Amino acid sequence: MNCKLRNDDVKILQEVQRNTGMAMKALDAISPKIYDDDLSMQVARETMKYSEIYNAATDKLLSGGAASYRSTGFEDVMLKGSVRANTMLNTSTSHIAELLIQGSNRGLTSMWKAINHHEKAGDSSMEMAKELMDFEEKNIERLKHYL
């Protein structure tokens, strides 16, 4: 099915891509600093789910003839620098969990903003955004255990 996406759908799906892409990069940067096996497995599962959602958003954008979100090199450098700075002196499991919760909260906030600014998006795009948000909320609940 190759139907053109509305602008609001494109913006929501690109925000899903941006959000999940940042999450995967952050988890990739923080993974080597995790020394708790359970948390390490949690992060691996999160990475797989983010990847799944990212790919679904990409598929929808491509089939709708829209461009994918492209992150800037600057965003990537800032993200890696932030992870490095925040884990330089403290790599405790509790601290890592706190950083991951903060990241999920930022993701939720950016998705709420996107949804509120692009109300004309269709059900399919909104469902994907809500799937990501539900996943973020569940991550926060799971991560509280490590605080």
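Here is a short chat about a few residues, a ring pair and a pocket in this predicted model.

Residues are numbered from 1 along each chain as its sequence is written, and side-chain values use heavy atoms, with hydrogens and water left out. Because the model is predicted, local features need pLDDT of at least 70 and side-chain atom pairs count only at pLDDT 80 or more, while totals for chains, interfaces and linings use all residues.

Me: Is Asp 9 buried or exposed?
Reply: Asp 9 sits in helix α1, residues 7-30 (helices are DSSP runs of H or I, at least four residues, numbered from the N terminus). Buried means under 20% relative accessible area, exposed over 50% and partly exposed in between, with a 1.4 Å probe and protein chains only. The value for Asp 9 is 6%, so Asp 9 is buried.

Me: And Glu 119, buried or exposed?
Reply: Glu 119 lies in the loop between α4 (93-117) and α5. Its relative accessible area is 61%, so Glu 119 is exposed.

Me: Which residues does Glu 119 contact, leaving aside neighbours within four places in sequence?
Reply: Contact means heavy atoms within 4.5 Å. Glu 119 and Asp 9 are 110 residues apart in sequence and 9.1 Å apart in space, C-alpha to C-alpha. With neighbours within four places set aside, the contacts of Glu 119 are Asp 8 and Met 126.

Me: Why is the pair of Tyr 50 and Phe 135 given the class it has?
Reply: Good one! Rings of Phe, Tyr and Trp (its six-membered ring) pair if their centres lie within 6.5 Å; planes under 30 degrees apart count as stacked, over 60 as edge-to-face and the rest as tilted. The structure holds one aromatic pair. The ring centres of Tyr 50 and Phe 135 are 5.0 Å apart and the planes stand at 80°, so the pair is edge-to-face.

Me: Which helices does that pair link?
Reply: Both Tyr 50 and Phe 135 are buried. The two residues are 85 residues apart, and their pair links distant parts of the chain: helix α2 (residues 37-63) and helix α5 (residues 123-144).

Me: Which helix supplies the largest share of the lining of the largest pocket?
Reply: A pocket here is an open set of points on a 1 Å grid over the protein atoms alone, where a 1.4 Å probe fits, with protein on both sides within 12 Å along at least five of seven lines; lining residues have an atom within 4 Å of a point. The largest pocket is lined by 22 residues. The largest share, eight residues, comes from α4.
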